[in-house]
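Biologist: I am new to this one. Could you show me the structure and take some questions?

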Amino acid sequence: MKNLKPHTRRNLITFIGLAVVWIVVTVLRGQGVLGRSASGLLVPICCYVVMALSLNLTVGIMGELSLGHAGFMGIGAFTGIIVSQSLMRAVPSVPLRLIAAMLVGAVFAGIFGFLIGIPVLRLRGDYLAIVTLAFGEIIKELITCLLVGVDEHGLHIIFNYKGLKGVEDLHLSETGQVIIKGAQGATGTQPIATFNAGMILIFLTLFIILNVIYSRTGRAIMAIRDNRIAAESVGIEITRHKMIAFVMSAAMAGAAGALYGLNYSNLVAAKFDFNTSILVLVFVVLGGLGNMRGSIIAAVLLYVLPEALRSMHDYRMLIYAVVLIAVMLATNSPIAQSFFARFRFGRKGGDEE
Amino acid sequence: MKKALSLMLALVMVLALAACGGGTQPATTTQQPDSGSASTSTGSGTSTASASASGAFKFGASGPLTGDAAIYGKAVMNAAQIAVDEINAKGGIQIEFNPQDDEADGEKAVNAYNTLMDWGMQVMVGPVTTGSAIAASAVAYNDRTFCLTPSASSTDVTANKDNMFQLCFTDPNQGTGSADYIAANMAGHKIAVIYRNDDAYSQGIRDTFVKEAAAKGLQVVYEGTFTKDTQTDFSVQLGKAQSEGADLLYLPIYYQPASVILQQAKSMNYAPIFFGVDGMDGILTMEGFDTSLAEGVMLLTPFAADADNDMTKAFVAEYQKRYGETPNQFAADGYDVVYVLYNALTASGCTPDMSSAEICEKLIAEIQKTTYNGLTGENMTWSANGEVSKMPTAVVIKDGVYVSA
């Protein structure tokens, strides 16, 4: 391992760590050591880890604050649900349907990422943050207007923008099934998401992101982040490179959303609001901007924390907030940083993971 | 060094997961003081076994205790706790009660349900809100856990799940119920509907109301919508309703936006008949609300806190003593749920050492034979599809109290 580049070695350690966790958790589940509540958390944790990783690409690597990331997750979730539910008859195999749902979710979120990116990526800083926030809310409202059903004639979709149409306007046949009922969300979804699919998605996401970072494109993206004028002066196309990062980030969020949506039999668009975007941003900031391993650990710890605090009853969310503040302060204090620095021999090389 | 670090990281993540599984254990012990001193349990049992060794039934409950909808979850949990304490004080069957927060969110509801199953829940009270109930009921159906929800009113909650039962009216029931009532008693009116189109409850009732109104030949002249973010101003919708000549305003919404509508309608001298459903319940106890505005408002509700029977009086007095406020319909639902479950458990001869799946099968059979008289209705019966049958009563507000219409 000694003759590897420092960043390769560090990334290898992250992958090995993930694999170890995967194996340990699988073994623990097999022996029934892991309780139901812990087992039930596995899939959402995987989704939020992928969300954190993908947002880290925008916020950490590209250096632009995006506050609408949950919107892409929502697109992925609902397209994923539509794909899985409408293919129920044609494709009985659950893993195949899950893969199809995640792929389509990623593609649709990517397309929306591209469309939104056209106006958004011409902005910078605070302006970009606010516009992404607005787009995130718009996506949520649009999904709320959707009525989708499926029968043997195919998909029936109504865009119910005035709110005056109901499920019966879909004109489904006797055997038809309603998939999305507007504000009432997607109900009766068959939950097919699994922990293994989540882990594979994490590996894929991490692999793609790390490869992009160390590629020519990645260096260009980071150059834009560090000094826009200098980057432009050496001929790096600013908007194109930003777009690559933004669309990739959106597509991965879409895949995570599809996995998330297929984990619950009921899902409403209101779930993907501003709060969820901020939640993921907190994972990223706490884990360290540009630090992929940090994002994973922060997402896991912060998602598990409120559940682990259930025994505190009414004080649960209060303690969660206090812990959050304490961790933010602690990780930023010079004493703590110099303490952690002692364990960072591998960091002498490049600083980006 | 690097290996040590990676090992440490891996350990941290595994521990984080394990900590969560373990985190549910203390819940049993800390819950003890809350769940009534009559209980003799000492925080027993492994997390996987669903049978209780302590001789008490384990009732789990999930509802929003924090967040926007917390008022509903807290009302249900408070009232259920009263019912549990009363039952425990009687001797005989003992109940341990464990309320969990689900923030009215489907994802958190599944987490709360799993936590309760680790605790050893045998019967579930809830979930309180519709979205949570649909999400958790899918898991409960696979596990064969019996659930009786006090207030999740959508038909999606019980659809195709034989273990889910409702104590409240379903949304279609309320929509058709109010259309039928209007057709029978106030047929000649021009009707306007204002509803919240990003809310499952409001949209659900509106859909069935409009359908039934068309079937009964009622004249709906205007439909106005609003969303969570626009529920502070209704001047546009009210102006439209007025200009369309509507003299009956149907409001399938919760009481906070309804209070704004009443206020604004008065200030623009628009005085139609206001007709609400069970979400309107609670408007009289709302803080800072001028009850004279609600004069003449009609609503369909299963529960009135000033009803003149001993059961309601005793319950309201106890609730006020403990929590310092007048119970709303959700509280009454929560109280009834515990008693319905208690009666069904007694009648079907269930014992606390049975597993949740065994109890589930017995209760499914038993509840369909049950007739229950409670706070929220007389002669309640349940059908196999999980819906309750009870009479909705229309009340009208006169001098700040409900009077039968």
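This is a predicted model: local features need pLDDT of at least 70, side-chain atom pairs count only at pLDDT 80 or more; totals for chains, interfaces and linings use all residues.

Biologist: Which residue of S4(B) is the bridge partner of Val123(B)?
Modeller: Start with strand S3 (residues 123-125) of chain B, which is joined to S4(B) by 3 bridges. The two strands run parallel. In S4(B), Val123(B) has as its bridge partner Phe146(B).

Biologist: Which helix belongs to the β-α-β unit with S3(B) and S4(B)?
Modeller: The unit is right-handed. Its strands are S3(B) and S4(B). Its helix, residues 130-143 of chain B, is H4.

Biologist: Are the residues of strand S4 (residues 146-149) of chain B buried or exposed?
Modeller: Side chains in a regular strand alternate between the two faces of the sheet. Here Phe146(B) and Leu148(B) point one way. Cys147(B) and Thr149(B) point the other way. Whichever way they point, all four are buried.

Biologist: What is the bridge partner of Thr149(B) in S5(B)?
Modeller: S4(B) also pairs with strand S5 (residues 164-166) of chain B. That pairing is parallel, over 3 bridges. Within S5(B), the partner of Thr149(B) is Gln166(B).

Biologist: How many Å separate the centres of the two domains of chain B?
Modeller: Domain 1 of chain B covers 51-169 + 312-389, and domain 2 covers 172-301. Their centres are taken over C-alpha atoms. The separation is 30 Å.

Biologist: How many residues on the side of domain 1 of chain B that touches domain 2 of chain B are polar?
Modeller: In this contact, 10 residues of domain 1 of chain B meet 11 residues of domain 2 of chain B. The domain 1 side has 1 nonpolar and 1 charged residue. The polar count is 8.

Biologist: Why does Cys46(A) count as buried?
Modeller: Cys46(A) sits in helix H2 of chain A. Its contacts beyond four places in sequence include Phe195(A), Met199(A) and Leu259(A). A residue is buried if 20 or more other C-beta atoms lie within 10 Å of its own. Cys46(A) counts as buried because its C-beta neighbours inside 10 Å number 28.

Technical notes:
Residues are numbered from 1 along each chain as its sequence is written. Chains are lettered from A and ligands numbered from 1 in the order in which they are written. A residue is buried if 20 or more other C-beta atoms lie within 10 Å of its own, exposed if 12 or fewer, and partly exposed in between; C-beta atoms are placed from the backbone. Two strands pair if DSSP finds at least two bridges between them. A crossover is right-handed if, with the strands pointing away from the viewer, the path from the first strand over the helix to the second runs clockwise. Domain bounds come from an automatic or database domain assignment. Two residues are in contact if their C-beta atoms, placed from the backbone, lie within 7 Å. Ala, Val, Leu, Ile, Met, Phe, Trp, Tyr, Cys and Pro count as nonpolar, Asp, Glu, Lys and Arg as charged, and the others, Gly among them, as polar.
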